[in-house]
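Student: Could you take me closely through the aromatic ring pairs of this model, with the criteria spelled out?

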Amino acid sequence: MNPLIVLSREVHARDVDGYAQLRSRCGEVFDWLLYEGAHSVAEEDRARVVGAYLSADILELSSKTELTRKMSDFCDLMRKCGGLRFLQVPSAGLDRPFYDELSARGVQIWDARGIAGTTVALSAFTGMLMLARNMHVHFRKQYENEWFPVRFGPLEPRGIENNTAVIVGVGSIGAEIARLCKAVSMKTIGVRRTSCGPLPNFDSVVTLDRKDEVLPRADWVFLACPLTPETFHLMDADAFGKMKAEAGLINVARGPVADEDALIEALQREQVRCAYLDVFEVEPLPPASPLWNMHNVILTPHAAGDAQTRYGKLDERFRQRLLQWYASASQL
């Protein structure tokens, strides 16, 4: 009997011919198992599962700490598949405990790095524009049926030309943020773990240990780096204290890159002017968090990378990786 590769019926239906052709190219040495919940995988089939595609329709709205029933059932199934060798996941970050658990068993975790880079960067840039132009204030006044022009004082919209953006993380997301910033005549400073030569759209690049040197120059600080021991609480009370009072923070990285309690205090004291946050230390963001009702904060629910176009891109990456895996396995 052929090994099985698990993917959802929804994913398979997006390109039935493409998946049939892929199986044919691999000599029809495996079968697709279309996942529709725990009941769709017979116990005797678990030992035959060698790979799986954790797609967005299975993940649903699960966070790292709170799983939907569908995601929980999928995780339980993967734990019972002793021959599992690879898992395609829909995220760039691999900081879910479940992924660590599988990695410890020797399972390859195929990430989605770069798939949503342009979309995440655009979300970050949009957040900055909205904060600079105080669009969030106008939206609130619109809901209150209030005509609210502001042409002077602390709520007067800001210009961004010649502003300086400090971008922590210069990968695909950070690089695209830099390109967008340069398009509107901003200055850009990259911050990365190791030294390197000049990078396109960055006026300068410094290493992580020099972060405190460039924070005082920032009008906007963008966090677009992975979560690692080095970047955990990278932005803490001391770092916020080094920012200009009129500066804003944009976090599309991971919640724990910023110390959330310290950030709340800095925003309340107007030590930091404003923030756009897509990620949080605890997700979903607890209802009691002060961030919900802060006038100088825009929140989105870890949605900066969401776009319909990402599904097809990730499907294609999965098929290409599966071909590569098959080629490697055939040579053993």
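Tutor: What follows is a walk through the aromatic pairs and the parts of the chain they connect. The model is predicted, so that local features need pLDDT of at least 70 and side-chain atom pairs count only at pLDDT 80 or more, while totals for chains, interfaces and linings use all residues. Residues are numbered from 1 along each chain as its sequence is written, and side-chain values use heavy atoms, with hydrogens and water left out.

A search of the whole structure finds eight aromatic pairs, where rings of Phe, Tyr and Trp (its six-membered ring) pair if their centres lie within 6.5 Å, and planes under 30 degrees apart count as stacked, over 60 as edge-to-face and the rest as tilted. One of these joins Tyr-35 and Phe-74 in an edge-to-face arrangement, with 5.4 Å centre to centre and 85° between the planes. This pair links distant parts of the chain, since Tyr-35 belongs to strand E2 (residues 31–35) and Phe-74 to helix H4 (residues 69–80), 39 residues apart; helices (H or I, at least four residues) and strands (E, at least two) are DSSP runs, numbered from the N terminus. Tyr-35 has 2% relative accessibility and therefore counts as buried, as does Phe-74 at 0%, buried meaning under 20% relative accessible area with a 1.4 Å probe and protein chains only.

Tyr-53 and Phe-318 form a tilted pair, 4.7 Å centre to centre with 40° between the planes. Because Tyr-53 lies in strand E3 (residues 49–53) and Phe-318 in helix H12 (residues 309–330), the pair ties together parts that are 265 residues apart in sequence.

Terms used
Buried < 20%, exposed > 50% of the residue type's maximum accessible area, 1.4 Å probe, protein only.
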